[in-house]
Amino acid sequence: MPRRFYIRTYGCQMNVHDSDKLANLLLHAGWAQAESDGPCELLIINTCSIREKAENKLYSDLGALREWKDEVPGRALGVGGCVAQQEGDAILRRFGHLDFVFGTHNLRWVPEMAEAAFDGMREARTGTTASLERFDLPERHPEFRASTPGRAFLTVMEGCDMFCSFCIVPTTRGREISRPAQGILDEAAALAKTGVRQLTLLGQTVNAYGRHDQRRAQTAETGTMGFAALVRRLAEIPGIERIRYTSPHPLFFDEALVRAHAEVPELCPHVHLPLQSGSNRILEAMRRRYTAEEYSRWAEALKAARPGLVLTTDVIVGFPGETEADFEATLALVEALAFVDAYTFKYSPRPGTPAAQLTEGSVPADVAQDRLERLQDLLRRLTLAAHRARVGETTEILVEGPSRRARERPDQPAQIRGRDPQHRVVNAEHSAPGGSLVQVEIVEATPHSLIGRPVPEEGATLTRGKRTADEEGRLSAPS
Ligand code: 5AD
Ligand code: SF4
């Protein structure tokens, strides 16, 4: 029987996707994927260091895993991701039961390192590279189990050259690098053939895709293009019905991308656009390189380009020097732009970042907590208002699977959970399988989701303008 692995993932979508890539590499190397960390021989923790809390989680987990390691002889334990990149060898030294550590540019070595661990070797590989090689990963293994049916992440660029003063990512993920377009298009086409209908294009500053190559007039050598052009090419792929991207940086919006939102129906009417603060003084201290006014102009342009477009965002409260007036400017802007949802964070100093050196004006913990709660109150109000405004609308959901109610109350009528094009969660009484598209009418709004009622599809079963990759294949086959 093949040895089994399990991967625990913390942090952002990049990490979730890295864990997918890792799982795929291990499957190709002959491993089997376990359902939990109980019955497995290899456990990998993919870590996050964006805030102190996330980093501390690794250390408490690792302590607890001493027992897991001793329970069954011949088990191996590995740590990857952002904390691994930052700490490298130091984690190996601190935790004697840890076998290997791999950095964010070293996924491809994991099968080899895991193998060596069973021969008693302990090793940390955290070297960084500017090579495009890291994008050359094998296609999905037949045994690969997608956690999200019908949806897939697709890496278009990696790393970050922005160096916002609070952020550890440029250190943990390295320099910005864009993947050649052909590799992206080929992977998208292969995913579509396996039934993927929604692509989420991934990159730390995803809409910066290709910018360095364009500036140096090197796109011919590197095979990249502008981000909007890439989106248009992806939208042409048969079977791809929805395209999303995360996370864009406000600095890299341009008219071409706004126009794509108006003209490319596959491009979803939802943009997650990190704001961080509504105060120009704080934005400058954060080195975000835009003003609240510039941010608002792009936000309004996007909403004007695509009616019904939903904006969500990230906000940090309690950045050093943030006064009550600065915070009120954030509240006012969040309200004015009517974000439908947001991830909200209390500032967490990260070692080695410029903001961690700011000793003046640090915001007391209770003040930061109070601001966080006030911001969250406002967002709850905005979310509910946005949801209520949708009641009566007909929309299409991409089914994720049975809803929580269906899982907990099998005696009740079948209910599914899905996402509409705005990425809102919609529950509806239906039994369609994960990965399918279902038409619903929104009948009720709740603070966290929408409730839909299935509506009969008009005309033929093919309600979408596009054929699936399968149908395309069949239709274009010689007769
Ligand atoms: N403290 C708090 N929040 C942070 N983020 C990034 N770094 C920090 C930090 N040091 C938030 C930002 C970013 C999101 C992914 O995490 O809002 O957009
Ligand atoms: Fe961090 Fe700023 Fe880069 Fe985003 S753009 S990953 S916040 S440095």
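**Close-up views of a predicted model**

**View 1. Strand 19 pairs with strand 17 and with strand 18.** Strand 17 (residues 425-429) and strand 19 (residues 450-454) are joined by three bridges and pair in the parallel sense, where strands count as paired if DSSP finds at least two bridges between them, and where helices (H or I, at least four residues) and strands (E, at least two) are DSSP runs numbered from the N terminus. This is a predicted model, in which local features need pLDDT of at least 70 and side-chain atom pairs count only at pLDDT 80 or more, while totals for chains, interfaces and linings use all residues. Residues are numbered from 1 along each chain as its sequence is written, chains are lettered from A and ligands numbered from 1 in the order in which they are written, and side-chain values use heavy atoms, with hydrogens and water left out. Ala428 stands opposite Gly452 of strand 19, and Gly452 is also the bridge partner of Ile442. Strand 18 (residues 437-445) pairs with strand 19 in the antiparallel sense over five bridges, and these two strands form a hairpin with four residues between them.

**View 2. Three strands form an open sheet in the order 12-13-14, with parallel pairing.** The edge strands, each pairing on one side only, are strand 12 (270-272) and strand 14 (341-346). From one strand to the next the twist averages 10°, taken between axes that are lines fitted to C-alpha atoms (for helices over the stretch in contact), with angles running from 0 to 180 degrees between N-to-C directions. Three bridges join strand 12 to strand 13 (residues 310-317), and His270 has Val310 as its bridge partner in strand 13.

**View 3. Helix 11 (residues 255-263) has the buried residues Leu257, Val258, Ala260 and His261.** Here buried means under 20% relative accessible area, exposed over 50% and partly exposed in between, with a 1.4 Å probe and protein chains only. Seen down the helix axis, these buried residues fall within an arc of 155°, so they line one face of helix 11; the arc is that of the directions from the helix axis to the C-beta atoms. They pack against helix 10 (227-235), strand 11 (242-246), strand 12 and helix 13 (292-305).

**View 4. Thr205 lies in the loop between strand 10 (198-202) and helix 8 (211-215).** Thr205 is buried, with a relative accessible area of 4%. Leaving aside neighbours within four places in sequence, its contacts (heavy atoms within 4.5 Å) include Met157, Glu176, Ser247 and Phe252.
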